[in-house]
Amino acid sequence: MELAATTADVLGSAEGGDVPLLLKVEGARPHSLVVRFQEREKVPGDGQRFERVTLVCSGRSATLGPCEFERDPLLNHTPLGVPPLGDGHLVFLEHVYDFSQLFANGRITELSQKVRQLPLLWGRKATIQPAFRDFTSQLLYDFQVYRGLFDTLDRSLSTEPLPVRDSVHRVATQAEYANFKRFFDEQLAALEGAVKDFGRQDHERHGYFFRKQLWDLIQASEFMLRTNLKPRGYAGDSLMMRMVYEREFRGATLFSKFMHRHPLDTRAAEAVRNRRSLLAKAMRAACGRAAPRAKARVLSVACGPLWELRDVLTGKEDFEALELVLLDQDPLALADAKGTITALEAAYGARLQAALVRDSVRTMLRTPNLSSRFGSFDLAYSMGLFDYLTPPVARAVLAKLWEVVAPGGELVVGNYHVKNETRVYMEYWMDWAIYHRTEAELLELAADLPGAEARVTFEETGTQMFLSVKRP
């Protein structure tokens, strides 16, 4: 079932008594809904049963089966200062619903619906080119043979004390990870050659087949497992970004550590780390423009874990020069951002003026006058958002952000370039498809901004580009 993939709120009612209780869906977990009841005096008690729930979005509706309301004290326990989220959640009793795509595209799926689709999914095998089928089989065999060497080593360590296991893993990593990386890179080059003539639909079908065949390998990597499962409903969430920044060998076995680390050593991941210095430079420039009259006001949209602040706040005086507004639709991303700020405040014994705003792009787009809500900013930026926006939506979001850029201020957005050499890796192994653009396509997004001075720059790898739009 689908609601409209729209900018509107998801509203509804829960029916279980004489009068339906009106509600608003404020969050979607994979299999439950976080809701706030509109009539505050009628918030139900813990365990109250409802026979059905009707959700409405932009005139379209969906009816869901019986459920219970459960209060969740963690929703309103926000020691990090993240705005409270809902009264509790609805847990469904007779159907297994998947709400992970509710806010992304308005889609709700149900387990039996997925089961009915199995013949269609099995039928996809017929569309796979025999040469690609053989290629995938050989690639899987080579990886499993390589894995067997590491698994044999790990089995031999099972009776060793933990310090011994850690020491052997450390030595093996120093000795063998470079060889494993070379092997993986060669396999990626072969994959790129195998799919170089595919069209978009070919990529989708063959990528799905590829991931199903290699699922056991993908699960070995904590990072790639998360990009595939998308527990928050989208790839590139704040925890994934934290993994990119931390760039660790993470996993219980030597093979899992290597599999986790490899995607973090790609050009695409390096570009994410490189953009920190670009943002630090932009923030310092904003502080220079604002001083000495006031603090520099900075807006970060889809802020994520905010690791770039580590390159900006390097002394107490830096805390006094900035005022931040951090916007993200994911409360866990806001919690990560607040955690970054709290850690830096503790390290320097200083306080940062920062407001955390849980809001979505669609809400931002329908706000008539954004500057009346947030004020104006010396710098507004968004690094990962535009990779997921179609050209019409990207132009609309850019125009909306342009409204809040102060005279002399700057708007900066990031986007991966069409020559991203990690693209096939991301799409086939990670199920991570994004909108790649050329310089001209990125500049075109700003073509209608009044008074804009736009240019495109690149980070060191040339993988990610940045549209800088300055207001005179």
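Where does V96 lie? V96 is in the loop between β8 (88–92) and β9 (97–98). Helices (H or I, at least four residues) and strands (E, at least two) are DSSP runs, numbered from the N terminus. The model is predicted: local features need pLDDT of at least 70, side-chain atom pairs count only at pLDDT 80 or more, and totals for chains, interfaces and linings use all residues. Residues are numbered from 1 along each chain as its sequence is written, and side-chain values use heavy atoms, with hydrogens and water left out.

V96 is partly exposed, at 43% relative accessible area. The class lies between buried (under 20%) and exposed (over 50%), with a 1.4 Å probe and protein chains only.

An open sheet of eight strands runs in the order β4-β7-β8-β3-β2-β1-β5-β6, with antiparallel pairing. β4 (49–50) and β6 (60–64) stand at the edges; each has a single partner strand, so one side of each lacks a neighbour in the sheet. Pairing requires at least two DSSP bridges between strands. β1 (residues 11–15) and β5 (residues 52–57) pair over five bridges. Here G12 stands opposite L55 in β5.

Helix α6 (residues 162–195) holds Q187. Q187 is buried, at 12% relative accessible area. Beyond its neighbours within four places in sequence, Q187 contacts (heavy atoms within 4.5 Å) F135, L139, D142 and F143.
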